[in-house]
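Welcome! Please take a look at the sequence and the model below, and then let us walk through them together.

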Amino acid sequence: MSKKFPIYLVTLILSISATAILASDNSAKPDSVHWEMQGDLSETCSCAVPCTCNFGDGPSPHHYCHTIFSLDIQKGHYGDVKLDGLHLAGVHGNKSRVWYIDANASPEQASALRTIAEHMLKSEHYASAPITQKVGEKGNEVQIAGKGGFEADYIVGLDKKTPVVVENNTTWNIQRSIKGKTKSVQYKDEFGNKFKFSGTNSNQGKFDWTDQTATYF
């Protein structure tokens, strides 16, 4: 003669089973979606020109290196999601790191950009904002709407015409980096980051990255 389980035991077993299934479904899984993107990287930091971090040393003249940068994605995709024409900006401030997803991105594109950002460098905060990035013959500029940004002039070499270029620097994965000097840098966010300076280092160059790139920055 079969034995019946008390109803409370049946409920407990079903509850444990459901919890185990949910835990399995929500477990971290490696991102297998292939992505790639190419375009312009514009960057500034709080270091003096030239930034000693770009040459394998520590920050100078301060013990910290606060950074603002933006990626102008001229061509890119995350799986089947096109990313052409979008921007992805980042800030390493005095309190935390922040990624900014282009406000022009669709929900699907925004999700893709965040995944890419997390893959390149995990940050404490993620936000959406309109991002402006200008790359000219004499300088560069990045503005994150409502937060701040920077404007810089390229440093011209001895011929008085051609900007100074550093190849294969140790910090940013761009083959050729045009060196610049900031005219103004100002930034403030709701996460406690706040800084303002001028006459500091700037980099401008072409990036070509994928999910298989060993080092981004």
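Two residues are said to be in contact when they have heavy atoms within 4.5 Å of each other. This is a predicted model, in which local features need pLDDT of at least 70 and side-chain atom pairs count only at pLDDT 80 or more, while totals for chains, interfaces and linings use all residues. Residues are numbered from 1 along each chain as its sequence is written, and side-chain values use heavy atoms, with hydrogens and water left out.

Let us begin with M120. Setting aside neighbours within four places in sequence, M120 touches W35, M37, L71, L88, W99, W209, Y216 and F217.

M120 also leads us to the largest nonpolar core, where M120, M37, L83 and W209 have the most contacts among its 25 residues. A nonpolar core is a set of buried Ala, Val, Leu, Ile, Met, Phe, Trp, Tyr and Cys residues joined through side-chain atoms within 4.5 Å; buried means under 20% relative accessible area, exposed over 50%, and partly exposed in between, using a 1.4 Å probe and protein chains only. Elements supplying at least two residues each include β1 (35-45), β13 (201-210) and α2 (107-120). Helices (H or I, at least four residues) and strands (E, at least two) are DSSP runs, numbered from the N terminus. With 5 residues, α2 gives the most to this core. A second, separate core has 15 residues, among them Y100, A129, A152 and F197.

Stepping back, the protein chain holds 2 helices and 13 strands, and 41% of its 217 residues count as buried.

Finally, find G136 in the loop between β7 (131-135) and β8 (139-144). G136 counts as partly exposed because its relative accessibility is 36%.
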